[in-house]
Amino acid sequence: MPSPRPRFRVIGKFASAYMPKEYKVWKEQAASMIKAFNLDYGDRPVAVIVNCYVLKPKTSKLPFPKPDVDNYAKSVLDAMTDAGIWHDDTQVQELRVNKQWAD
């Protein structure tokens, strides 16, 4: 799932940002699956390859999926951080992202 833009709400005089519930659920599920691999990179530098296979809508004429690859990468990196396999995604020194329609 690509990372959506944060939403904002105003309560009284204060504004707060939040992410949509659908995204939070996806990220929790992804982190849970990632934890099952028992990875631990500590604070070492890492390289990450993200391959995204997106279901093509019946009405799309685009040769490739929307949105931008950086939105897909952000979701995956955030889920990996939540899974605790590294201290922070600033450890990622190399990132390759691919998106394409699923067969």
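So, the protein has two helices and four strands, where helices (H or I, at least four residues) and strands (E, at least two) are DSSP runs numbered from the N terminus. Starting at the N terminus, the order is β-β-α-β-α-β. Before I go on: this is a predicted model, so local features need pLDDT of at least 70 and side-chain atom pairs count only at pLDDT 80 or more, while totals for chains, interfaces and linings use all residues. Residues are numbered from 1 along each chain as its sequence is written, and side-chain values use heavy atoms, with hydrogens and water left out.

Overall dimensions, then. Along the principal axes, the C-alpha atoms fill a box of roughly 45 × 40 × 25 Å. Of the 103 residues, 26% are buried, meaning under 20% relative accessible area, with exposed being over 50% and partly exposed in between (1.4 Å probe, protein chains only).

Now the core. The largest nonpolar core has 17 residues; by that I mean a set of buried Ala, Val, Leu, Ile, Met, Phe, Trp, Tyr and Cys residues joined through side-chain atoms within 4.5 Å. H1, E3, H2 and strand E4 (92–101) each put in at least two residues. Ile34, Val48, Ile85, Trp86 and Val92 have the most contacts inside this core. Take Ile85: leaving aside neighbours within four places in sequence, Ile85 touches Ile34, Leu39, Asp40, Tyr41, Gly42 and Met80, a contact being heavy atoms within 4.5 Å.

Next, the largest pocket. Its volume is about 270 Å³. On a 1 Å grid over the protein atoms alone, a pocket is an open set of points where a 1.4 Å probe fits, with protein on both sides within 12 Å along at least five of seven lines, and lining residues have an atom within 4 Å of a point. Grid points are joined across faces, edges and corners, and the volume is the space filled by probe spheres set on the points. Helix H1 (21–35), strand E3 (46–54) and helix H2 (69–83) each give two or more residues to the lining, and H1 has the largest share with five. Which classes line it? The lining has 11 nonpolar, one polar and no charged residues; Ala, Val, Leu, Ile, Met, Phe, Trp, Tyr, Cys and Pro count as nonpolar, Asp, Glu, Lys and Arg as charged, and the others, Gly among them, as polar.

Trp26 is one of the lining residues, and Trp26 also stacks with Tyr23, at 6.5 Å centre to centre and 15° between the planes. Rings of Phe, Tyr and Trp (its six-membered ring) pair if their centres lie within 6.5 Å; planes under 30 degrees apart count as stacked, over 60 as edge-to-face and the rest as tilted. The two are about one helical turn apart, because they sit three residues from each other in H1. Tyr23 is buried at 2%, whereas Trp26 is partly exposed at 25%.

Over to Lys99, in strand E4. Is Lys99 buried or exposed? Buried, with a relative accessible area of 19%. Its contacts beyond four places in sequence include Phe64, Lys66, Pro67 and Tyr72. Lys66 and Pro67 are joined by a cis peptide bond, omega about -10°, and Pro67 is in the loop between E3 and H2.

Asn38 is exposed, at 68%.
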